[in-house]
Amino acid sequence: MSMISINGLNLSVTTGKTTAHILKDVSFDLEAGRITGVAGASGSGKTQTGLAIMGLSPAGAELSGSIDFDGVELVGMPAKQHNRLRGVQLSMVFQDPASAFHPMLTVGDQITDHLRHHQKMPKKKALAKAVDILGRTKVPHPDEAIHKYPHQFSGGQLQRIAFASAIICDPKVLIADEPTTALDVTVQAGILRLLRELCDDLDLAVLLVTHDFGVLSSVADTIVVMQNGVVVETGDRETVITAPEHEYTRSLIESLPGAEVAR
Amino acid sequence: MTSTDDTPTEADEKHRSAETPLLALDSVSCEYKLDGGGRFRAVDGVSLQLGRSEVLGLVGESGCGKSTLAKLICGLEKPAGGQISFDGSPVRALGLKKRDTRLLGIQMVFQNPYASLNPRRRIRDQLEDALALDPSGRWSVESLLDAVDLPSDAAQRYSHSFSGGQRQRIAIARALAAGPKVLVGDEPIASLDAFLQARIARMMRDLAIKSGASMIFISHDLSVVRDIADRVAVMEAGRIVEVAPTDQIWDSPQHPYTTKLLAAIPQVDGKGIIPG
């Protein structure tokens, strides 16, 4: 039984008189304890798929089709109901950790905000849990870290804090939108290892959005390739990378500079 | 560049580049003042040579001083010590005076094309500004746009109507228009899609070499550097720890830091191995 089952999802955004069809008949599943990677060039709709699950589609967007989350239909769900899921059962990590945090609030306040809001946990207890979770995502000196501000951390550490914030309410689904794109290769490896650990230990259904096949090759279990809002190929990691069926997937992999190892 | 320089034999080229490098850095360092006193040494005693028609890749993690080094080469930053010479003349930091015309042979392509192009001027005007610096008249606006694979009607448009990859190609065209002998690319592909990165990087290499220029290509993406560089310099904490031909860096890295950087690149093999 899949945690999230996307079926025939369509998304069109109307601005003024023009309507853009962002997603066309997208279907794939997210399983608990597995990382599903979505690959594609910019504008292929991979981020919008993640945002549709979170209920964060842009203004003027029209969704049709179905996103089944553990028996609950997310398409057409009233905003209030979606708010109760977002941050609790559905969580997200964004590309740029520096702009994902409020610069003038301490890290401790920010990563416990949703915990206190949704679970009505008292502040002291929430901060104690934050220290615990920050230790789990391997942020150095977690008890000091909660009193610091975002600018006092490096990009890699901030991304670890963002992951801590995402898992603090024990979610079932984690959407990671290009979590390592803004980071260095050496830091990237650490974040990928963290993502893998969290997925395995917490039995999370992870949607990993990235344009980097190197990243997908390291951590994804299943790969979905998108082009212009259409899913062109779905398959397990090794098959998609070593024996891509679709011409577009092949061209993406061959365009990579290090791809001669794959051939 | 004189006309004889355009058609050198390979032996000539090698002979001369061995004698006088096009660009030479001699134990250059650079310091920044820190808040509350103290100094941070961003570049620490770097010596490097760049030959003619050579592509040098400069790699290292964020904060290691790659960009500061690029700024020093272009004269955008004042060195705290050491010397930089370009084609026999010293590179001095840009001040209030007009820039020495000899130094116009160093041109830079910046990381973020959204910030480096002027949003209020047409592409044609921006390219013409750069063309005016090159007396040889090798390029025209049309031939530049053609060289970077953009339609000729792009000249009439403003930068906002282009995508990130297209803007970066315009920035490359603008740098080429000035007829550089050294093209410095400071993470020119970092803001682009993975699939575009390799294409734009190869385009830069081809254009630089074809127009007789050398290139310094700064990137933290080692796989792209491997693809286009002749030699690679590895930088760690302000120092160059290793310089060697690209193949040698990959096949037998000498410094442990190089090994660490290489090991961190995820392989596209579908095996599910997290590097490092």
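Biologist: Why does Asp87(B) count as partly exposed?

Modeller: Asp87(B) has 18 C-beta neighbours inside 10 Å. Buried needs 20 or more, and exposed needs 12 or fewer. The value 18 lies in between, so Asp87(B) counts as partly exposed. Bear in mind that this is a predicted model.

Biologist: Where is the place of Asp87(B)?

Modeller: Asp87(B) is in the loop between β4 (81-86) and β5 (89-90) of chain B. Its phi is near 55 degrees, a positive value in a residue other than glycine.

Biologist: What makes Asp170(A) count as partly exposed?

Modeller: The number to check is 13 C-beta neighbours inside 10 Å. Exposed would take 12 or fewer, and buried would take 20 or more. Therefore 13 puts Asp170(A) in the partly exposed class.

Biologist: How do you know that Val232(B) is buried?

Modeller: Val232(B) has 25 other C-beta atoms within 10 Å. The cut-off is 20 or more, so Val232(B) is buried. This residue is in strand β9 (residues 231-236) of chain B. Not counting residues up to four places away in sequence, Val232(B) touches Gly57(B), Val59(B), Val225(B), Ala244(B), Thr246(B) and Ile249(B).

Biologist: How many residues apart in sequence are Val232(B) and Gln248(B)?

Modeller: They are 16 residues apart in sequence, and 9.2 Å apart in space, C-alpha to C-alpha.

Biologist: Why is helix α3 of chain B called largely enclosed?

Modeller: The helix covers residues 66-74, and nine of its nine residues are buried, so the rest of the structure largely encloses it. Among the buried residues are Lys66(B), Lys71(B), Ile73(B) and Cys74(B). Gly75(B) follows α3(B), and its phi is positive, near 80 degrees.

Biologist: Which residues have the most contacts inside the largest nonpolar core?

Modeller: They are Val206(A), Ile73(B), Val182(B) and Ile216(B), in a core of 160 residues. Take Val182(B): beyond four places in sequence, its contacts include Leu22(B), Phe86(B), Ile106(B) and Ile216(B).

Biologist: How many residues does the contact take from chain B and from chain A?

Modeller: Chain B gives 27 residues and chain A gives 30 residues. On the chain B side, α9(B) has the largest share, five residues. That side has 13 nonpolar, seven polar and seven charged residues.

Biologist: What makes Gly272(B) count as partly exposed?

Modeller: Gly272(B) has 17 C-beta neighbours inside 10 Å. Since 17 is between the limits of 12 and 20, Gly272(B) therefore counts as partly exposed. Gly272(B) is found in the segment after α11 of chain B. Leaving aside its neighbours within four places in sequence, Gly272(B) is in contact with Ser218(A) and Arg237(A).

Technical notes: Residues are numbered from 1 along each chain as its sequence is written. Chains are lettered from A and ligands numbered from 1 in the order in which they are written. This is a predicted model: local features need pLDDT of at least 70, side-chain atom pairs count only at pLDDT 80 or more; totals for chains, interfaces and linings use all residues. Two residues are in contact if their C-beta atoms, placed from the backbone, lie within 7 Å. Helices (H or I, at least four residues) and strands (E, at least two) are DSSP runs, numbered from the N terminus. Ala, Val, Leu, Ile, Met, Phe, Trp, Tyr, Cys and Pro count as nonpolar, Asp, Glu, Lys and Arg as charged, and the others, Gly among them, as polar. A nonpolar core is a set of buried Ala, Val, Leu, Ile, Met, Phe, Trp, Tyr and Cys residues joined through C-beta atoms within 7 Å.
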